[in-house]
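Here are some notes for a colleague who is looking at this entry. They are set out as numbered points, to be read alongside the coordinates.

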Amino acid sequence: MSSKRGGGGGEGGRLRHVVVRPVWAWNLEYEFSIIASLVDRFSYVAFDTEFPGFLYSTPRPHHLLPPSQRYALLKANVDEMELVQLGLTLFDAFGHLPDLGTGGRVGFVWEFNFREFDVRCDPHAPDSIALLRSSGIDFDRLPLHGIDSGHFAALLYRSGLVAHCRFCRPLSTRWIAFHSCYDFAYLIKVLGYGRPLPDTLEEFLGLVNLLFGETVDLKYMMRHCKGLSGGLESVASTLGVTREAGKSHQAGSDSMLTYRVYLRMKQRFFNGRDAMVAWHRGIIYGLQAC
């Protein structure tokens, strides 16, 4: 039997469906009380962010840029814009999602909506906003009912999912994303209470290591997986992974798809062993590799 906030479903479980739990200012503390109760068991975190596009770009292909220039471009974009959504999918070593007392029938993931971005006056790329609108993001609601990012940061530190000082480590967490450079950058900005990103790539990578512990970027991991190419949707299609809830470019749904792709990649290319996946940890695609 599942405990009240336990888990019993996932790739290897008996889940009938997945529910994305939308988080706004009014239910932020309640949802974090649930998350904090799960961290000891569900220490794997697949995540995704949605943000207002890119203000700055370069005509040169990114793979021809040195890592320091890739980071300078990322920093210029992230410093001037704000996070829109964050999706978190927690799961355990067996691939089970939290079922929150449903006996393994339903798995739950989280989608946090932030208030700092105001489409009426904040910098953004219009085509990116149009894409996010078409995916169902309500930009009118965000400034009114969205989460204060500083409040979110304090609760995330308190949850144990990230470290809160140089003498602390997350509770054996593994953070997983697909092409993760902007995902980590926006989350570090939030955890820094809106301060600009560090000046150098080395400082930034030091913060990633401090805050998140072990990290896995599926786009980098793909280099060692024959037959995989393209973005998250393409890889999911190749692997026969379906989207169980939500739509593309919704952070909760994309974090859930990232979780499912990770499990399928681990099973198919790494004999289902974390120790083999660990050989590819700690590299952020788009910065250290491209």
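1. Basis of the note. This is a predicted model, in which local features need pLDDT of at least 70 and side-chain atom pairs count only at pLDDT 80 or more, while totals for chains, interfaces and linings use all residues. Residues are numbered from 1 along each chain as its sequence is written, and side-chain values use heavy atoms, with hydrogens and water left out.

2. Overall form. The protein chain has 11 helices and 8 strands, where helices (H or I, at least four residues) and strands (E, at least two) are DSSP runs numbered from the N terminus. Its radius of gyration is 18 Å, close to the 19 Å that the globule rule gives for 290 residues, so the chain is as compact as a globular protein of that length; the radius is taken over C-alpha atoms, and the rule is 2.2 Å times the number of residues to the power 0.38. Along the principal axes, the C-alpha atoms fill a box of roughly 55 × 45 × 45 Å.

3. Buried residues make up 56% of the 290 residues in the protein chain; buried means under 20% relative accessible area, exposed means over 50%, and partly exposed lies in between (1.4 Å probe, protein chains only). Of the contacts in the protein chain with a separation of 6 or more, 79% are between residues 24 or more positions apart, a contact being heavy atoms within 4.5 Å. The protein chain exposes about 12800 Å², of which carbon and sulfur atoms supply 52%; these areas come from the Shrake-Rupley method with a 1.4 Å probe, and for residues only the protein chains shown count as cover.

4. Charges. The mean positions of the 31 positive and 29 negative charges of the protein chain are 8 Å apart. Lys and Arg count as positive and Asp and Glu as negative, with His and the chain ends not counted, and each charge is placed at NZ of Lys, CZ of Arg, CG of Asp or CD of Glu.

5. The cores. Which residues have the most contacts inside the largest nonpolar core? They are Phe 112, Phe 152, Trp 175, Phe 204 and Phe 212, in a core of 52 residues. Helix α6 (residues 181–191) supplies the largest share of this core, 9 residues. A second, separate core of 29 residues includes Cys 225, Ala 236, Val 241 and Val 261. A nonpolar core here is a set of buried Ala, Val, Leu, Ile, Met, Phe, Trp, Tyr and Cys residues joined through side-chain atoms within 4.5 Å.

6. Trp 175. Leaving aside its neighbours within four places in sequence, Trp 175 is in contact with residues including Val 45, Phe 47, Leu 88, Leu 161 and Val 162. Among its other partners are Phe 184, Leu 187 and Phe 212, together with Glu 214 and Thr 215.

7. Helix α6 and its end. In α6, 11 of its 11 residues are buried, and Asp 183 and Lys 189 are among them. Ile 188 lies in this helix and counts as buried at 5% relative accessibility; not counting residues up to four places away in sequence, Ile 188 touches Leu 197, Phe 204, Leu 207, Val 208, Leu 211 and Phe 212. Gly 192 is found in the loop between α6 and α7 (201–212) and counts as buried at 12% relative accessibility, with its C-alpha atom 7.9 Å from that of Ala 153, 39 residues apart along the chain. Just after α6, Tyr 193 takes a positive phi of about 55 degrees.

8. Two further residues with positive phi. Leu 100, a residue other than glycine, has a positive phi near 50 degrees; Leu 100 lies in the loop between β5 (96–98) and β6 (106–113) and counts as buried at 18% relative accessibility. His 249 has a positive phi near 70 degrees and is found in the loop between α9 (232–239) and α10 (251–269), where His 249 counts as partly exposed at 29% relative accessibility.

9. Two other loop positions. Phe 94 lies in the loop between β4 (85–91) and β5, and at 65% relative accessibility Phe 94 counts as exposed. Arg 41 has its place in the loop between α1 (28–38) and β3 (44–50) and counts as partly exposed at 41% relative accessibility.
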